[in-house]
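Hello,

Here is the structure for you to look over. My notes follow below it.

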Amino acid sequence: DDCGYYDSNPDCGGLWDDSDFTASAMCCACGGGEPAATMTSSTSTEATTATACFDTAGDATDSYEDSCSYYDAHPHCSGMWDDSDFTASAMCCACGGGTQSAATTTASTSMEATTTATASAACFDTAGNATDS
């Protein structure tokens with residue numbers, strides 16, 4: 001018989017044990033087996049703030065008709081090409097200008113398995129395909 005037999009016939013004295021089956025070690029009904037893992041929820045809240053920069057030049061361009069996107073790839077921010085409606089150091093993020101904006105992300109939840117070894121906990125028989133004699 002397998003461990004299922006011992007669930008309704010708890011004769012766990014070892015009389016029917018053999019080389020591949022020990023009821024007291026493998027069957028929950030006989031005090032063996034393994035306790036079931038139970039899921040516990042652990043929630044942690046963590047705030048993460050990321051800062052983003054936005055160019056403020058709008059449609060304005062420098063004296064060579066370059067917008068802030070030019071300065072993203074070529075950060076020559078000396079002001080040499082600034083004109084009456086465009087100041088790279090004030091308007092372009094690549095040159096230290098623009099507007100900073102912060103976004104905050106929160107909450108992280110994790111689950112973990114823990115083993116419960118109490119008498120009322122569920123149990124798994126560990127005999128596999130083994131049977132008694």
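**What turned up**

Asp1 sits in the segment before helix 1 (3-8). Please keep in mind that this is a predicted model. Asp1 has 46% relative accessibility, so Asp1 counts as partly exposed. Asp1 also belongs to a surface patch of negative charge.

Next, the aromatic rings. The whole structure was searched, and five aromatic pairs came out. One of them is Tyr6 with Phe21. Their centres are 6.0 Å apart, with 25° between the planes, and the pair is stacked. This pair links distant parts of the chain. Tyr6 is in helix 1, while Phe21 is in the loop between helix 1 and helix 2 (23-26). The two are 15 residues apart. Tyr6 and Phe21 are both buried.

Tyr71 lies in helix 3 (residues 68-73). Phe86 lies in the loop between helix 3 and helix 4 (88-91). They are 15 residues apart, and the pair links distant parts of the chain. Tyr71 has 1% relative accessibility, so Tyr71 counts as buried. Phe86 is at 0%, so Phe86 counts as buried.

One last point goes back to Tyr6 and Phe21. Together with Tyr5, they form one aromatic cluster.

Best wishes

Conventions. Residues are numbered from 1 along each chain as its sequence is written. This is a predicted model: local features need pLDDT of at least 70, side-chain atom pairs count only at pLDDT 80 or more; totals for chains, interfaces and linings use all residues. Side-chain values use heavy atoms; hydrogens and water are left out. Patches are made of residues with over 30% relative accessible area and no salt bridge: like charges are joined within 9 Å, nonpolar side chains (Val, Leu, Ile, Met, Phe, Trp, Tyr) within 5 Å. Accessible areas come from the Shrake-Rupley method with a 1.4 Å probe; for residues, only the protein chains shown count as cover. A salt bridge is a side-chain nitrogen of Lys or Arg within 4 Å of a carboxyl oxygen of Asp or Glu. Lys and Arg count as positive and Asp and Glu as negative; His and the chain ends are not counted. The place of a charge is taken as NZ of Lys, CZ of Arg, CG of Asp or CD of Glu. Helices (H or I, at least four residues) and strands (E, at least two) are DSSP runs, numbered from the N terminus. Buried means under 20% relative accessible area, exposed over 50%, partly exposed in between (1.4 Å probe, protein chains only). Rings of Phe, Tyr and Trp (its six-membered ring) pair if their centres lie within 6.5 Å; planes under 30 degrees apart count as stacked, over 60 as edge-to-face and the rest as tilted.
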